[in-house]
Amino acid sequence: MKVPTHAEVLPGAWLPLLLALSLLGACAPQTMYHWGKYERSLYSYYKHPDEIVRFEEALAGVITKGESLGKVPPGLYAEYGYILMQLGEDGQAVAYFEKEKLTWPESSGFMDRMIVAVRDQSSGGAQ
Amino acid sequence: MSVRGHGQHEPGRPAFVGLLCAALLAISSAACTPTLIDKKDYSAFRASHPRSVLIVPVINRSVDVDAPDYFLSTISRVVAERGYYVYPVNMVRGLLDDDGLSEATLVHEGDPTRLAEIFGVDSILYITIERWDARYAVLSTTVTVEFSYLLKDGEKGNELWRAQELLVYQPNQTSNSGNPLADLVAQALVAAFTKALPNYIPLAQQANAAAVVRPYKGIPAGPYHGDYQQDQDRF
């Protein structure tokens, strides 16, 4: 990796200094959450929308690793649950919506609505 | 591949780290030069103190029809790492789609308080892609991204924060192999690869990080961040 080219994409006079600092490793690249392949797999999914199973697998991987580190990002359980819902795995979907709600109280109203929606959909499909 | 990767290999991360360093630097320098810094007005933001952010599908003013979807993969991380509960972007996009709101303009022009009520969210982040393009030339290709960001309060609908970010990527103009002909060939190769596969994602990530994290201009730390309500000197 040739780092100096970063300077060309960053505007502002203070950036060369930052560049020097990152080169020196003054700050370790620490993040609160484990994102793993989330961004890359979402990008690939948008590029190849038929590859939903691949996206599902990638999300499962991010969650497994994130749980082992105790660093699952906000929204990830819900994102995964939504894909499971699209794949017709309603029971699993609800379980992940519950997990999101339990982990992030901010999501509780939204997740409650989703859980109701999945159950409506399931009972509608069972008729 | 090695040429395309040249300088583009995961630049998002080091730049993000750099920005965090900027935050730290700013703390130490703020005491010396407070009057020189033009801080944004954060009073509306502080009054609202949102915990959660809904990122809605982005408006596209570029000619690249895929840009809005690709962009969505670059924004959650930086906002979440800033300390906010970020709604799952793909799920939100899918649900809005199902409701006939696949057109981002409709969502952006709609009532933010209604949207916030439906999702139970504290704030909504509206992003517009102003530029997402590559200008081709024989020896160098310039890739440009530009975004505008607008955060609105979910309860009152008023503006909490806004930003605009422009980033330009130009592959190495100066090579120094000592052999001018080899340098020229190398430049042409880089330009050709950039032309074939302009890599917007790291640029978008850097733009987002700059917009969100930069002291005096970005978003104050959220409830899951260690600096929550401790960063009034910078935000």
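Predicted model: local features only at pLDDT ≥ 70, side-chain atom pairs only at ≥ 80, totals over all residues.
## Positive phi in chain B

Tyr216(B) sits in the segment after helix 10 of chain B. Its phi is positive, about 75 degrees, although Tyr216(B) is not a glycine. Most residues other than glycine have a negative phi.

His49(B) also has a positive phi without being a glycine, with a value near 25 degrees. The loop that holds His49(B) runs between helix 3 (43-48) and strand 1 (52-55) of chain B. His49(B) counts as partly exposed because it has 14 C-beta neighbours inside 10 Å.

## Chain B and the largest core

Chain B contains 10 helices and 6 strands. It has 235 residues, of which 46% count as buried. Among the contacts in chain B with a separation of 6 or more, 73% are between residues 24 or more positions apart.

The largest nonpolar core is made of 81 residues, and Leu54(B), Ile55(B), Val79(B) and Leu125(B) have the most contacts inside it. Helix 10 (residues 200-213) of chain B supplies the largest share of this core, 10 residues. Leaving aside residues up to four places away in sequence, Leu125(B) touches Val53(B), Leu54(B), Ile55(B), Tyr149(B) and Leu151(B).

## Helices 4 and 5 of chain A

In chain A, helix 4 (residues 52-69) and helix 5 (residues 76-86) have axes that come within 10 Å and cross at roughly 150 degrees. The two helices are therefore roughly antiparallel to each other, as angles over 145 degrees count as such. The crossing of helix 4 of chain A and helix 5 of chain A is left-handed.

On the side of helix 4 of chain A, the contact involves Ile52(A), Phe55(A), Glu56(A), Leu59(A), Ala60(A), Val62(A), Ile63(A) and Gly66(A). Helix 5 of chain A contributes Leu76(A), Tyr77(A), Glu79(A), Tyr80(A), Ile83(A), Leu84(A) and Gln86(A). By class, the residues of this contact are 11 nonpolar, 2 polar and 2 charged.

## Helices 5 and 6 of chain A

Helix 5 of chain A also packs with helix 6 (residues 90-103) of chain A, at an angle of about 165 degrees and with the axes 8 Å apart. Helix 5 of chain A and helix 6 of chain A are therefore roughly antiparallel to each other. Their crossing is left-handed.

The residues of helix 5 of chain A in this contact are Tyr77(A), Ala78(A), Tyr80(A), Gly81(A), Leu84(A) and Met85(A). Those of helix 6 of chain A are Asp90(A), Gln92(A), Ala93(A), Tyr96(A), Phe97(A), Lys99(A), Glu100(A) and Thr103(A). This contact of helix 5 of chain A with helix 6 of chain A has 8 nonpolar, 3 polar and 3 charged residues.

## Met85(A)

Met85(A) belongs to helix 5 of chain A. Not counting residues up to four places away in sequence, Met85(A) touches Asp90(A), Ala93(A) and Val118(A).

Met85(A) and Met114(A) are 29 residues apart along the chain, and their C-alpha atoms are separated by 10.0 Å.

Notes
Residues numbered from 1 in each chain as written. Chains lettered and ligands numbered in written order. Core = buried A, V, L, I, M, F, W, Y, C linked by C-beta atoms within 7 Å. Buried ≥ 20, exposed ≤ 12 C-beta atoms within 10 Å, placed from the backbone. Helix = DSSP H or I, 4+ residues; strand = E, 2+ residues; numbered from the N terminus. Contact = placed C-beta atoms within 7 Å. Axes fitted to C-alpha atoms, helices over the stretch in contact; angles between N-to-C directions. Parallel < 35°, antiparallel > 145°, perpendicular 65-115°, else oblique. Left-handed = near helix turned anticlockwise from the far one by under 90°. Nonpolar A, V, L, I, M, F, W, Y, C, P; charged D, E, K, R; others polar.
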